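Hello,

Here is the structure I promised to pass on to you. Have a look at it first, and then read on for what turned up.

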Amino acid sequence: MTFIHEQVRDPSVRYFLLIGLLLFSHSNFAEIYKWTDENGRTHYSDKPNTDRKVEKLNIKINSYKHVTYKSLSDANSISDKVTMYSTSWCVYCKKARKYFKANNIPFSEYDIEKNARAKRSYDALGGKGVPVIIVGKKRMNGFSIPGFEKIYP
């Protein structure tokens, strides 16, 4: 990873910068360093600045090892139908899609970035990340094969 020098004052920009750094990291743990220069500019890098007080941000990526489940009490009917709310760039969505196809599991997929109706449904479910997988009244946030096998009959 190359040195990143960015004047960042807006907290939301800082958040997206950190997310960007994480997406391009190749390890399971990303060591990111943050410091402020004499002009008040905030810097992020994969190498610490030796001239300034540095805050080390240990950020774990690939964190879908702990998948969460939720029972949906307001689902209209119980079925084995698999519904996945996803995005095109999501690695876990791709893994789920590949697993479903390899195991002949029929599923409906809704891209929440390309389909406004899907986004509204996703928001109504309280979606915070992708994929969100629904099987009958069971819900899975994230994807893992063992986790999916717990909710799929």
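Glutamate 109 is partly exposed in this predicted model, because its relative accessible area is 30%. Its salt-bridge partner is arginine 97, and the closest N and O atoms of the two are 2.6 Å apart. Arginine 97 belongs to helix H2 and glutamate 109 to strand S6, so this pair ties together parts that are 12 residues apart in sequence. Arginine 97 itself counts as buried, because its relative accessibility is 18% and the cut-off for buried is under 20%.

How many salt bridges does the structure hold? There are three. Another joins aspartate 37 to arginine 41, with the closest N and O atoms 2.9 Å apart. Aspartate 37 is buried at 11% relative accessibility, whereas arginine 41 is partly exposed at 23%. You will find aspartate 37 in the loop between strand S1 (29–36) and strand S2 (42–45). Leaving aside residues up to four places away in sequence, aspartate 37 touches His43 and Arg52.

The remaining pair is aspartate 123 and lysine 119, whose closest N and O atoms are 2.8 Å apart. Both residues lie in helix H3 (residues 116–124), four residues apart, which is about one turn of the helix. Aspartate 123 is partly exposed with a relative accessible area of 42%, and lysine 119 is partly exposed too, with 32%.

Together with strands S5 and S6, helix H2 (residues 91–102) makes a right-handed β-α-β unit. Strand S5 (residues 82–86) runs parallel to strand S6 (residues 107–111), and five bridges join the two. Within that pairing, valine 82 stands opposite phenylalanine 107. S5 is also joined by four bridges to strand S7 (residues 132–135), and here the strands run antiparallel. In this second pairing threonine 83 stands opposite isoleucine 134.

Is S5 mostly covered or mostly open? It is mostly covered, with five of its five residues buried. In a regular strand, side chains alternate between the two faces of the sheet. In S5, Val82, Met84 and Ser86 point one way, while Thr83 and Tyr85 point the other way, and all are buried.

Best wishes

Conventions: Residues numbered from 1 in each chain as written. Predicted model: local features only at pLDDT ≥ 70, side-chain atom pairs only at ≥ 80, totals over all residues. Heavy atoms only, no water. Buried < 20%, exposed > 50% of the residue type's maximum accessible area, 1.4 Å probe, protein only. Pairing = 2+ DSSP bridges. Right-handed = clockwise from strand over helix to strand, strands pointing away. Contact = heavy atoms within 4.5 Å. Salt bridge = Lys/Arg side-chain N within 4 Å of Asp/Glu carboxyl O.
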